[in-house]
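I opened a new structure today and wanted to look at its aromatic rings. These are my entries, in the order I made them.

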Amino acid sequence: FFGYAAFMILWPFLPGLYGFSAITFLAAYPFFTFCAVMSESFVDDINTLISQLESFDVTKCNVTVESDRAVIFEHIAELYRGGISEFNSTVQEDIKEAVLRKFKMQRSPMPYYLNLLASLPCWVAFLSFISSFRHAPAPFQ
């Protein structure tokens with residue numbers, strides 16, 4: 001939104017192709033910066049999650065009420081033949097693999113539809129620029 005507003009405010013002051021290029025840069029810069037920062041933050045979060053899964057140990061987990069710890073360990077022992085060690089290895093291997101399959105396999109950290117949605121003001125500004133040449137002399141149409 002801010003990029004589009006900046007484009008529309010600055011457009012009358014910097015007409016022509018050079019003005020369009022400068023204004024497009026100024027309008028798109030916040031958008032692309034936002035996408036880059038959010039993507040980097042997302043990748044950092046995924047890497048933190050993976051490292052936490054690799055070092056997961058249910059015996060070191062926090063509980064709100066300490067008496068719950070024994071109940072949780074009993075249920076884990078009932079569900080897994082190997083007990084806590086098998087549960088830990090399941091989280092460290094199988095769950096980590098599922099997380100990697102889900103998040104690390106996509107080409108871009110930010111989904112394509114969100115990039116399109118976020119770039120919509122730039123496209124509107126571009127169409128506004130193109131339509132302004134509708135009545136220009138023939139070489140500029």
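The entries below cover the aromatic rings and then one asparagine beside them in my list.

Entry one. I noted at the start that this is a predicted model. I looked up aromatic pairs, and the structure holds two.

Entry two. I took the pair of Phe-56 and Phe-87: the ring centres are 6.1 Å apart and the planes stand at 70 degrees, an edge-to-face pair. I then checked where the two residues sit. Phe-56 is in the loop between α2 (16-54) and α3 (66-79), while Phe-87 is in helix α4 (residues 84-104). They are 31 residues apart, and the pair links distant parts of the chain.

Entry three. I looked up the rings of Tyr-80 and Phe-87. The centres lie 5.4 Å apart with the planes at 65 degrees. Planes over 60 degrees apart count as edge-to-face, so this pair is edge-to-face. I wrote down that Phe-56, Tyr-80 and Phe-87 form one aromatic cluster.

Is Phe-87 buried or exposed? Its relative accessibility is 18%, and the cut-off for buried is under 20%, so Phe-87 counts as buried. Tyr-80 has 22% and therefore counts as partly exposed.

I moved on to Asn-88, which lies in helix α4. Asn-88 is buried, because its relative accessible area is 10%. Which residues does Asn-88 contact, leaving aside its neighbours within four places in sequence? I found Phe-56, Asp-57 and Val-58. With Asp-57 there is also a polar contact between the two side chains, at 2.8 Å.

How values were computed. Residues are numbered from 1 along each chain as its sequence is written. This is a predicted model: local features need pLDDT of at least 70, side-chain atom pairs count only at pLDDT 80 or more; totals for chains, interfaces and linings use all residues. Side-chain values use heavy atoms; hydrogens and water are left out. Rings of Phe, Tyr and Trp (its six-membered ring) pair if their centres lie within 6.5 Å; planes under 30 degrees apart count as stacked, over 60 as edge-to-face and the rest as tilted. Helices (H or I, at least four residues) and strands (E, at least two) are DSSP runs, numbered from the N terminus. Buried means under 20% relative accessible area, exposed over 50%, partly exposed in between (1.4 Å probe, protein chains only). A polar contact is a pair of N or O atoms within 3.5 Å; within protein, one must be able to donate a hydrogen and the other to accept it, and residues adjacent in sequence count only if both atoms are side-chain atoms. Contact means heavy atoms within 4.5 Å.
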